[in-house]
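Morning, everyone. Please bring up the structure on your screens and keep it open while I talk.

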Amino acid sequence: QLDDENAAWFYEESRKRGIRMLSCHKGFSYQSRTLGHLANPKDVEKAALNNPDFKFIVYHSALEHGPSEEGFKDSKKVDPTTGDMSWHNVLMAIKKRNPKMKNVYCELGSFFNVLNIVNPLLAMHGVGKNIMHYGADNVVWGTDCLWWGSPQWCIEAFKRFQISDELCAKFGYKKITQKDKAKILGLNAAKLYGLDVKKKRKGLPADALDR
């Protein structure tokens with residue numbers, strides 16, 4: 001786990017090698033059942049607090065469910081009235097307890113894809129909670145395109161995505177601005193990986209067709 005003795009050794013060795021960013025698989029699909037408690041994000045809290053020089057990217061935003069309608073009918077995992085989703089709720093609670101924590105990031109790979117297809121209302125809740133608690137600066141775009149194929153369809157879906165007025169009024173979510181979407185779709189990741197976006201856009205020489 002992220003907060004056990006083996007992890008403490010790993011952090012120290014990583015520091016020696018200049019590694020300060022960790023991508024952590026939490027929740028989602030069959031891994032949740034295979035890994036059990038290891039995929040629960042509860043260990044993120046102690047790890048992030050004890051290692052403020054590290055950045056922890058929580059993949060799938062700790063969505064416990066698999067890509068099926070049945071996975072969202074389990075009352076123990078989902079509260080449709082509030083949009084609370086078991087392990088995702090654990091991740092949100094960590095930030096509520098530690099509002100000054102800035103080194104944990106919610107990654108959207110398959111989190112957005114699955115929710116937006118299977119239960120759009122939960123997609124609004126899920127993304128709304130991520131932004132409300134962690135801030136748009138700490139939400140990172142992902143697609144899991146290895147499993148889904150070309151990611152363009154979910155990129156287009158997120159460009160059109162918005163949280164309803166009703167949910168914003170009832171739960172305090174903010175409307176997602178174009179600036180928020182630009183950050184989430186790439187600018188946040190560019191900052192994490194130290195990429196100069198303007199420079200990279202001109203990084204490839206013009207090919208014969210372009211000329």
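Cys24 stands opposite Val58 in β2. That pair belongs to a set of 5 bridges that join β1, residues 21-25, to β2, residues 55-59. The two strands run parallel. A word on terms: helices (H or I, at least four residues) and strands (E, at least two) are DSSP runs, numbered from the N terminus. Two strands pair if DSSP finds at least two bridges between them.

Before going on, a note on the source. This is a predicted model, where local features need pLDDT of at least 70, side-chain atom pairs count only at pLDDT 80 or more, and totals for chains, interfaces and linings use all residues. Residues are numbered from 1 along each chain as its sequence is written, and side-chain values use heavy atoms, with hydrogens and water left out.

Back to the sheet. β2 is also joined to β5, residues 104-107, by 3 bridges, again parallel. There, Ile57 has Tyr105 as its bridge partner. Next, β5 pairs with β6 in the parallel sense, over 2 bridges. Look for Cys106, which stands opposite Val139 in β6.

So what is the order of the 4 strands in the open sheet? It is β1-β2-β5-β6, with parallel pairing. Which strands stand at the edges? They are β1 and β6 (139-140). Each has a single partner strand, so one side of each is left without a neighbour in the sheet. In general, strands of a sheet pair through backbone hydrogen bonds, either parallel or antiparallel.

Now the whole protein. It has 11 helices and 6 strands. Of its 211 residues, 45% count as buried. Buried means under 20% relative accessible area, exposed means over 50%, and partly exposed is in between (1.4 Å probe, protein chains only). Contact means heavy atoms within 4.5 Å. Take contacts between residues at least 6 apart in sequence: 75% of them join residues at least 24 apart.

On to the inside. A nonpolar core is a set of buried Ala, Val, Leu, Ile, Met, Phe, Trp, Tyr and Cys residues joined through side-chain atoms within 4.5 Å. The largest one has 28 residues. Those with the most contacts inside it include Leu108, Phe112 and Trp141. Elements giving two or more residues to this core are α5 (111-118), α6 (120-134), α8 (152-160) and α9 (165-171). The largest share, 5 residues, comes from α6. Find Trp141: leaving out residues up to four places away in sequence, Trp141 touches Glu107, Leu108, Phe112, Cys154, Ile155, Phe158, Ile184 and Leu185. A second, separate core has 21 residues, among them Ala39, Val44, Val104 and Tyr134.

Last stop, Leu38. Where is the place of Leu38? Leu38 is in the loop between α2 (29-35) and α3 (44-50). Leu38 counts as partly exposed because its relative accessibility is 38%. Not counting residues up to four places away in sequence, Leu38 touches Gln1 and Lys26. Gly27 is 11 residues from Leu38 in sequence, and the two are 8.7 Å apart in space, C-alpha to C-alpha. That's the tour.
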